Amino acid sequence: MTLTVLAVCAFVSLIVGIATEGWPTGSHDGLGIVASILFVVFVTATSDFRQSLHFRDLDKEKKKISIRFTLYRK
């Protein structure tokens, strides 16, 4: 939801900035918002990937564990 709002703000900022100040100068704010969106997406994807690798390693360790038990009856 937040990234969608930021994307809309970036689009509006690009349109208004280019319309008022021209192409190179007016696009700075909008392109800054786009860059921040890409940065957040990249960091989140990297974090999720590392977490999945960690989970995979833990799952491998879990499969190595064997439990022995003895049942005694009277």
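At 31% relative accessibility, Val 34 counts as partly exposed. Partly exposed lies between buried, under 20% relative accessible area, and exposed, over 50% (1.4 Å probe, protein chains only). Val 34 is found in helix H3. The model is predicted, so local features need pLDDT of at least 70 and side-chain atom pairs count only at pLDDT 80 or more, while totals for chains, interfaces and linings use all residues. Residues are numbered from 1 along each chain as its sequence is written, and side-chain values use heavy atoms, with hydrogens and water left out.

**Helices H1 and H3**

- Helix H1 covers 2–21, and helix H3 covers 28–64.
- Helices are DSSP runs (H or I, at least four residues), numbered from the N terminus.
- Two packed helices are described by the angle between their axes and the distance between the axes.
- The axes of H1 and H3 come within 7 Å and cross at roughly 155 degrees.
- That crossing makes H1 roughly antiparallel to H3.
- Axes are lines fitted to C-alpha atoms, for helices over the stretch in contact, with angles from 0 to 180 degrees between N-to-C directions.
- Angles over 145 degrees count as roughly antiparallel, under 35 as roughly parallel, 65 to 115 as roughly perpendicular, and the rest as oblique.
- H1 and H3 cross in a left-handed sense, meaning that the near helix is turned anticlockwise from the far one by less than a right angle.
- From Val 34 to Thr 2 the separation is 32 residues in sequence and 13 Å in space, C-alpha to C-alpha.

**Nonpolar surface patch**

- A nonpolar patch on the surface is formed by Leu 3, Leu 6, Phe 39, Val 40, Val 41, Phe 42 and Val 43.
- Together these residues have about 610 Å² of accessible area.
- Accessible areas come from the Shrake-Rupley method with a 1.4 Å probe, and for residues only the protein chains shown count as cover.
- Patch residues have over 30% relative accessible area and no salt bridge; nonpolar side chains (Val, Leu, Ile, Met, Phe, Trp, Tyr) are joined within 5 Å, like charges within 9 Å.
- H1 and H3 each supply at least two residues of the patch.
- H3 gives the most, with 5 residues.
- Val 40 is partly exposed, with a relative accessible area of 38%.

**Salt bridges**

- The count comes to 3 salt bridges.
- A salt bridge needs a side-chain nitrogen of Lys or Arg within 4 Å of a carboxyl oxygen of Asp or Glu.
- Lys 62 and Asp 59 meet through their side chains in a salt bridge, at 3.5 Å from N to O.
- These two residues are separated by about one helical turn, because they are 3 residues apart in helix H3.
- Asp 59 also forms a salt bridge with Lys 63, with the closest N and O atoms 3.8 Å apart.
- Asp 59 and Lys 63 are 4 residues apart in H3, so about one helical turn separates them.
- A network of salt bridges links Asp 59, Lys 62 and Lys 63.
- Asp 59 is partly exposed at 24% relative accessible area.
- Lys 62 is exposed at 56%, and Lys 63 is exposed at 64%.
- Another salt bridge joins the side chains of Lys 64 and Glu 61, at 3.5 Å from N to O.
- Lys 64 and Glu 61 lie 3 residues apart in H3, so about one helical turn separates this pair.
- Lys 64 is exposed, with 62% relative accessibility, whereas Glu 61 is partly exposed, with 45%.
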